[in-house]
Amino acid sequence: MEQFLFQFFNLDIMVQAWPIMLRGFGMTLLLCAVVIPMGLAGGLLVAIASTAPQRWIRWPTAVLVDLFRAVPPLALLIFISAGLPFAGIRLSPFTAVCLSFLLNNSAYYGEIYRAGIDSIGTGQTEAARSTGLNSLQAMAYVVLPQAVRNVLPDLVSNTIEVVKLTSLASVVAFAELLYSADMARSITYNASPIVMAAGFYLVLLWPAVRLASRLERKLST
Amino acid sequence: MTRSERFIDTFFKYDVMQQYWPDILKGLFVTCQIAVLVVVCGLALGLCLAILRSYRFRLVNLCIIVFIDLLRALPPLVLILILYFGLPNVGVSLSGYVVLWLVLTLVLAAFAEEIFWAGILSVPQGQWQAARSTGMSYFKTLIYVVLPQAIRMTIAPLTNRTIAITKNTALGMVIGVGELLNQATTAQSFAGNATPLMMATIAYLILFIPVVYAGRRIEQAYAWRKR
Amino acid sequence: MFPVQPLPILNVEDLHLHYGDMKALDGVTLEAKTGELTFLIGPSGSGKSSLLRCCNRLEDPSSGRILVDGEDITQRNINLNRIRRGIGMVFQSFNLYPHMTAKGNVTLALRKVLGKSRKEAEEIGLAQLERVGLVDRADHYPNQLSGGQQQRVAIARALALEPKIMLFDEPTSALDPELVGEVLKVMRQLKEDGMTMVVVSHEMRFAKSAADHVVFMAEGKIVEAGPPAQIFDAPRAERTRAFLQEAHH
Ligand SMILES: Nc1ncnc2c1ncn2[C@@H]1O[C@H](COP(=O)(O)OP(=O)(O)OP(=O)(O)O)[C@@H](O)[C@H]1O
Ligand SMILES: [Mg+2]
């Protein structure tokens, strides 16, 4: 038991690691602040494109979405950060992470918005069009607000997933929370810093997880 | 070299392909193996937990809720690192393969439990009463009347979640599991060429596109039930 | 010739049921003899459903006893599944299993509770569907049946277990008016076959022609009970009169 505490909840090591963990946590927050809005916006574009009346817009969008949903996010990230340099495209870890998240998350958020849009009957669009709004206006003012409300739980739980995914950035040496923790682990030969990182993620995400399951329950009844 | 030649040379170099396809194939096999194990064990455990939760023992349910919240809130990579690097120090040494399987199974179980439970709750109370009034026990009612209806409603979210978690097998790369992405990055560093990564990407597409597509079809087929 | 005295098969003795502070049943005493049809009426919230649900132990009474064929079913350690088998219940909202055909609905308990083989269960199930006039719909799913047909399947489902008593909780309230008749016809047939029945319903005409007793409840108590002629034509209690007057409009 003592051994267990020493290896996983070592206070001395945690105190030592605190400053670098805090910096890592800051980077994680920064990353979230960039990739979540980007994903939400990209997803919106994807959703509008995948519900467009023109087949030549809808079709390629669907293919792209399926492509990015089929590739593991880590594989995409590694492809961008380790594969593209061979083609002469060299991105900083931060840019590589942002790009891969944009591609991956737009596909996921896009699917969620689309499900929401599908849940609103065509009657709403027709009513809006009949009052003279054009199709984008009908989408923006009438359909989307209802659609977003219908899929709010899914948006929240996907956002939780995105925050968790930022931990992948550690694999390409972007110094976010998990990277810092793993640095500290490899110096101290002790798992406590990673447990500490887990603590940070919990502080950040537990309330969100509670919120998500509350929302899911509320809408399903 | 023209641009397109250079592109082909970088991502689709024939010699590299020829040399590394057995490795990539081996990786694909390991990925499939872990994926199947995770899906089977994760869904089964999730279903068991949901059934257990429906008995509403206070303390048990509290434990289940804490378990699923933890696994929903923590990035799987964090759990993988804790188990893989932490456990040997306290005398428990699990291979990367086992750690990957264990973590992904638990994560899938947590999400599946939540989905199954929501499904069980969505079956109207009248169904319970009708079945109980014909003398069926609680467990039999659950198995023959409630779960068949609940599972129908859970198929779409469950498929999507299962796909997402199965793709996390790529995390095995970080702890040296010989799965697809690991084989590809190793090959890439030996070959000094991005072709193995492209091969892995294509392998993932071949593996997951049908599942993603099936998931989409299932979602459409069951969409009306949500209302 | 001795007059055959039918035995009481259902005795409810001083039954109380509380939901928190709310007294849903407040000392109900009731008796039904074999083959009798007891008809329960009363305003909404008067405890009619609660009474039926206690008789099937879907609800646990706070105090009092319920004897079925002499056996106290409110005992703590009784085998609930066994006693429930002997007491059929029909619900306002049918509660058919939507993932099973009519036949599947009727045979499920036969197979899973009584452990009968599929063949045997289907024989019984089809016979009961015949009884409610729906053999030709045996392979239909609930959403392919009309409300009246669904309710008849639900009746067959309860009958398949050969219950001693059948409880009906507003069996026709969820039906379109033109479908009410077919369900009442089945119930009338059941009564003629000698089934003991307790029925909560608003179908007063049915009560007049088929009921042996009419019981008027209000606020968890029995206000007045007697033969239909007495309750409908010469109610003694003021509340009964007021209620019936309401009901006629
Ligand atoms: N599960 C419950 N929890 C709390 N109170 C309940 C519950 N079920 C019923 N009640 C209350 O018990 C009282 C009796 O209800 P019951 O359903 O037996 O009435 P009823 O005579 O069947 O009425 P109705 O004609 O509307 O069906 C009502 O006041 C009701 O609000
Ligand atoms: Mg009622």
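This is a predicted model: local features need pLDDT of at least 70, side-chain atom pairs count only at pLDDT 80 or more; totals for chains, interfaces and linings use all residues.
User: What percentage of the 221 residues of chain A counts as buried?
Analyst: Residues are numbered from 1 along each chain as its sequence is written, with chains lettered from A and ligands numbered from 1 in the order in which they are written. Buried means under 20% relative accessible area, exposed over 50%, and partly exposed in between, with a 1.4 Å probe and protein chains only. For chain A, the buried share is 49%.

User: How many helices are there in chain A?
Analyst: Helices (H or I, at least four residues) and strands (E, at least two) are DSSP runs, numbered from the N terminus. Chain A reads α-α-α-α-α-α-α-α-α-α from that end. With zero strands, its helix count is ten.

User: Which pair of chains shares the most contacts?
Analyst: Contact here means heavy atoms within 4.5 Å. Chain A and chain C don't touch, with their nearest C-alpha atoms 18 Å apart. Of the two pairs in contact, the one with the most contacts is chains A and B.

User: How many disulfides turn up over all chains?
Analyst: A disulfide needs a pair of cysteine sulfur atoms within 2.5 Å. The sulfur of B:Cys48 is too far for a bond, because its closest partner, in B:Cys41, is 11 Å off. C:Cys55 is in no disulfide either, with the sulfur of C:Cys54 nearest at 6.9 Å. Over all chains, the count is zero.

User: Are the rings of B:Tyr55 and B:Phe57 stacked or edge-to-face?
Analyst: Rings of Phe, Tyr and Trp (its six-membered ring) pair if their centres lie within 6.5 Å; planes under 30 degrees apart count as stacked, over 60 as edge-to-face and the rest as tilted. B:Tyr55 is partly exposed at 34% relative accessibility, and B:Phe57 is partly exposed at 45%. Their centres are 6.1 Å apart and their planes at 15°, so the pair is stacked.

User: How many residues apart in sequence are the parts that C:Phe216 and C:Phe243 tie together?
Analyst: This pair is tilted, at 5.1 Å centre to centre and 40° between the planes. C:Phe216 is buried at 1%, and C:Phe243 is buried at 15%. C:Phe216 lies in strand β9 and C:Phe243 in helix α9 of chain C, so the sequence gap bridged is 27 residues.

User: The charged end of which residue sits over the ring of C:Tyr97?
Analyst: A charge sits over a ring if NZ of Lys or CZ of Arg is within 6 Å of the ring centre and within 35 degrees of the ring normal. In chain A, A:Arg69 lies over the face of A:Tyr108 at 5.8 Å from the ring centre. For C:Tyr97, at 4.6 Å from its centre, the residue is C:Arg157.

Methods
Side-chain values use heavy atoms; hydrogens and water are left out.
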